[in-house]
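Welcome! Please take a look at the protein shown below, and then we will walk through a few of its features together.

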Amino acid sequence: MFGFDGKTIERNQARMEAARMNIDTLREEVARLILPRQQGFNSILSPGQSLTDDMTDEYGAAALEDGVSLFEGFTMPRGVKWQKLRFLSSEMNESVVHQQWLEIIADRLFMLRNDPKSGFTNNVHESAASVIAFGEQCIWPDKRFDERGYFAGLSYQSEHIGSIWWEADAQGNPMRVHRKFKWTAEQAQREWKEAIPPCVRDALKQPNPKPQAEFEFLHVIEPNPHMKPGILGPEGMPFRACYYSCKDKVPFKEGGYRTMRRIISRWQNAVNENFGRGRGTLFLPALRASQIMMQDRVLIAELNAKRPMLAPSDELDEAILALKPWGITYGGLDEQMQPMLKPLFDAADSGDATVLHAEVKQTIDRAFYRDLLQIYREQKTHISATRTLEEIAEKGILLSPLARQETEWFSPMLDVELDLMWQEGMLDDMPATVARYLRDGGGITCAYDNELTRMRRAGASAAYLRTAEQVGVVAQFNPEAPAAFNREYPLEKVIPNLADGNGVPATWRATEEEKRAHDEVEQAKAAQQQLLEAVPVIADAARSAAGAVNGG
């Protein structure tokens, strides 16, 4: 189909492995210190082996877990549709019919993600831990089928970045991606059926089949240099793909993709580097220091509790030294009742080590944004709403690196998900105008509605409240100030934006009909109040009129 060349695949793989050798050494050290379950960059883990032998202080690992929870809560909160679909054309977005269709598609998408069998929650958590600790993550969205072969939804698989090699295009986006993995002959046969490579076919031959024999493969995705636009099938797709048998040195099972199916994102990257660097690699000196300081503090405590002893060289040879609680050592006193055993040195003071370790822990907290969590902050009282919003806005600034995942992770993943949904007919109910728009090259993007975007908008709310406070001061010597302020910034516009910035659900807002009904009730109350206020005046007028008549 495409004519993949095995030697070219091997050269590309060797080049990418050589370019990443140094960073893999750093990532392996980070994994041993704070994310031991994701070791394996330049080592092979055995099933069931201990993963925490190099970890003396688990503080960094706990801080990373809090950072991952913060990341998920601020960027992709559970139970909330944190992506809102939009067309790239503003004219298309103006149509109510188009908006309603996009809302339906978003509902279907989040239903697929929230399906417990999709694995979205667990695998997103692993990818978030990877991108924060190592600076890179890889996730593979795909279609999921039941045992009968029917479409059952989407699946998500977080892939260890130690098994992923990639090169970027001129814009820095993943262009060529290789994934190296091992499968047994039985697994390969169940997945590839008749397309299995020779090594698997030989392993399954009778009369001595070896279904558990393991083989190494590469999954290759790269740009299709001979793409034919408008052609159905792999030849018309922008990416071509194949599997490569490392033992047979042959490519097999060729195909294509309309999108880059393997989603790779970075936390940040250095100059002249494609691979990512994360908070774990950036703060590796503090993570190392924390391990050493914990070892030293344990050593000091142990020496204080079990201090080395001094004894005469020849007078306690026959004594039994009972160095234990309530132990009695006979012969341990001389004739003047002085102890024959003395400590080698006085008890050591661990205060300096404790203070220095606390400083390192504060650095680790900042590394994983733990210091921004309210539970770890000093509680203060009498803080104004304006100051609270200013602090929220400051959080949004400090957490701005999280927004890179919207560009490199969430948006490309959305493209893949929509493509998979389209393949299964889940977009077939689109209006005819949408179909023409997409056929002519239009696209679908998204806006983000999560805690991170609201924090970045909190500055506007804080500015409004600061202005209101200043207007209150001006009102002390100019009573017309509040009226001028409300005329310039009507509450009908301000309140919805304040609520949106605070995360009040849009479904709580009143509809136009509910607003009209509320206004009618208020008008009726006002009319009734006016009537009640007028009754005494009318009664007085009636009595006055009656008195005038009687007097006349």
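In which sense do strand β2 and strand β3 pair, and over how many bridges? Strand β2 (residues 136-145) and strand β3 (residues 151-159) pair in the antiparallel sense, over eight bridges. This is a predicted model, in which local features need pLDDT of at least 70 and side-chain atom pairs count only at pLDDT 80 or more, while totals for chains, interfaces and linings use all residues. Residues are numbered from 1 along each chain as its sequence is written, and side-chain values use heavy atoms, leaving out hydrogens and water.

**The hairpin**
- Strands are DSSP runs of E with at least two residues, numbered from the N terminus, and two of them pair if DSSP finds at least two bridges between them.
- Five residues sit between β2 and β3 in their hairpin, where G149 takes a positive phi near 90°.
- C138 stands opposite E159 in β3.

**The cysteines**
- The structure holds zero disulfides, a disulfide being a pair of cysteine sulfur atoms within 2.5 Å.
- C199 is in no disulfide, and its nearest cysteine sulfur, that of C246, is 9.1 Å away.
- Buried means under 20% relative accessible area, found with a 1.4 Å probe on protein chains only.
- C138 counts as buried because its relative accessibility is 1%, and C199 counts as buried because its value is 5%.

Key. Helices (H or I, at least four residues) and strands (E, at least two) are DSSP runs, numbered from the N terminus. Buried means under 20% relative accessible area, exposed over 50%, partly exposed in between (1.4 Å probe, protein chains only).
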